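Hi there,

Here is the structure I promised to pass on to you. Have a look at it first, and then read my notes below.

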Amino acid sequence: MSLLDDRLDTLITVCETKNFTKAGEILSLTQPAVSQHIKKLEEELHTTLFLRKKGELVLSPEGEIALLYARRMKALAEKMQ
């Protein structure tokens, strides 16, 4: 598994849990590692993936698109294997 795969898994898990700490627990990562994965993805994609509104984690419009691609890429990788 590549670093990109790890970051895509992190994105998907954060979206499912809506929480960096819970995502870290599921992925066996620390919360700072989860934050770093998301930050790196944002840098690579030149966009903000999440908006923080009143303590709630919400996908940005660009984040919604990234999530669709991440899920599709993961499904294709699993199908290929």
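Let's start with R7, which is buried, with a relative accessible area of 11%. Here buried means under 20% relative accessible area, exposed means over 50%, and partly exposed is in between (1.4 Å probe, protein chains only).

Before going on, a word on the model: it is predicted, so local features need pLDDT of at least 70 and side-chain atom pairs count only at pLDDT 80 or more, while totals for chains, interfaces and linings use all residues. Residues are numbered from 1 along each chain as its sequence is written, and side-chain values use heavy atoms, with hydrogens and water left out.

**Salt bridges**

The structure holds 2 salt bridges, a term for a side-chain nitrogen of Lys or Arg within 4 Å of a carboxyl oxygen of Asp or Glu. In one of them, the side chain of R7 meets that of E44, at 2.1 Å from N to O. R7 lies in helix 1 and E44 in helix 3, so this pair ties together parts that are 37 residues apart in sequence. (Helices, H or I with at least four residues, and strands, E with at least two, are DSSP runs numbered from the N terminus.) E44 is partly exposed, at 42% relative accessible area.

D9 forms a salt bridge with K74, and their closest N and O atoms are 3.3 Å apart. This pair links distant parts of the chain, with D9 in helix 1 and K74 in helix 4, 65 residues apart. D9 counts as buried at 16% relative accessibility, whereas K74 is partly exposed at 36%.

**The core**

Which residues have the most contacts inside the largest nonpolar core? They are L11, V14, C15, F20, I38, L49 and F50, in a core of 17 residues. Such a core is a set of buried Ala, Val, Leu, Ile, Met, Phe, Trp, Tyr and Cys residues joined through side-chain atoms within 4.5 Å. Helix 1 gives the most to this core, with 5 residues. In soluble globular proteins, nonpolar side chains tend to be buried together.

**Helix 4**

Helix 4 has 20 residues and spans 29 Å from its first C-alpha to its last, close to the 28 Å expected at 1.5 Å a residue (1.5 Å times one less than the number of residues). G63, A66, L67 and A70 are buried in helix 4. They sit on the same side of helix 4 because they cover an arc of only 105° around the axis, taken from the directions from the helix axis to the C-beta atoms. The face turned away from this buried side carries the exposed residues P61, L68, R72, L76, K79 and M80.

Enjoy exploring!
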